[in-house]
Amino acid sequence: SPDQSHVTIHYLYRYSPYWYVANLSSKEIHKLDCHWVSLMSLRNKYYCASLSEAASLIRDQEYNGCHYCLNRYDTDRHSREVVLANLQADLG
């Protein structure tokens with residue numbers, strides 16, 4: 001059968017209340033359609049319904065944005081101060 005993954009992602013974005021997925025093991029946060037989410041174990045997935053929910057994990061629990069899909073919040077690439085400033089700007 002043809003690959004339906006692209007259709008599935010569009011369905012998830014239209015109907016899912018969850019836009020971000022945090023990995024409880026690696027403490028990385030990804031966008032819902034990031035390739036790395038498909039490789040995560042179900043028990044390590046924590047779904048965030050908004051950027052503000054994901055931001056609180058970054059601010060309060062030192063989670064890190066994915067290098068590929070959320071690089072503005074990647075503390076491996078940017079200083080913590082830059083990441084927090086990016087979050088504040090994006091949250092308005």
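**Reading the features of a fold**

User: What is the relative accessible area of Arg72, and how do I read it?

Analyst: Arg72 has a relative accessible area of 35%, so it is partly exposed. The scale is simple: buried means under 20% relative accessible area, exposed means over 50%, and partly exposed lies in between, with a 1.4 Å probe and protein chains only. Keep in mind that this is a predicted model: local features need pLDDT of at least 70, side-chain atom pairs need 80 or more, and totals for chains, interfaces and linings use all residues. Residues are numbered from 1 along each chain as its sequence is written, and side-chain values use heavy atoms, leaving out hydrogens and water.

User: Which residue forms a salt bridge with Arg72?

Analyst: Start with the idea. Side chains of opposite charge can pair when their charged atoms come close. The rule asks for a side-chain nitrogen of Lys or Arg within 4 Å of a carboxyl oxygen of Asp or Glu. Here the partner of Arg72 is Asp90, with the closest N and O atoms 3.0 Å apart. Arg72 sits in the loop between strand S4 (64-65) and H4, while Asp90 is in helix H4, 18 residues apart. Asp90 is partly exposed too, at 36% relative accessible area. By this rule, the count is one salt bridge.

User: How many helices and strands does the protein have?

Analyst: Helices (H or I, at least four residues) and strands (E, at least two) are DSSP runs, numbered from the N terminus. This protein has four helices and four strands. From the N terminus, their order is α-β-β-α-β-α-β-α.

User: Which residues have the most contacts inside the largest nonpolar core?

Analyst: A nonpolar core is a set of buried Ala, Val, Leu, Ile, Met, Phe, Trp, Tyr and Cys residues joined through side-chain atoms within 4.5 Å. The largest one has 21 residues, and Tyr20, Ile29, Ile58, Tyr73 and Leu87 have the most contacts inside it. Strand S1 (20-23), helix H3 (51-61) and helix H4 (80-91) each give two or more residues to this core. H3 gives the most, with five. Now take contacts, meaning heavy atoms within 4.5 Å. Leu87 touches Leu51, Ala55, Ile58 and Tyr73, leaving aside residues up to four places away in sequence.

User: Which residues form a nonpolar patch on the surface?

Analyst: Patches are made of residues with over 30% relative accessible area and no salt bridge; like charges are joined within 9 Å, nonpolar side chains (Val, Leu, Ile, Met, Phe, Trp, Tyr) within 5 Å. Accessible areas come from the Shrake-Rupley method with a 1.4 Å probe, and for residues only the protein chains shown count as cover. Trp36, Leu39 and Tyr68 form the patch, with about 380 Å² of accessible area together. Leu39 belongs to helix H2 (residues 35-39). Its relative accessible area is 53%, so Leu39 is exposed.
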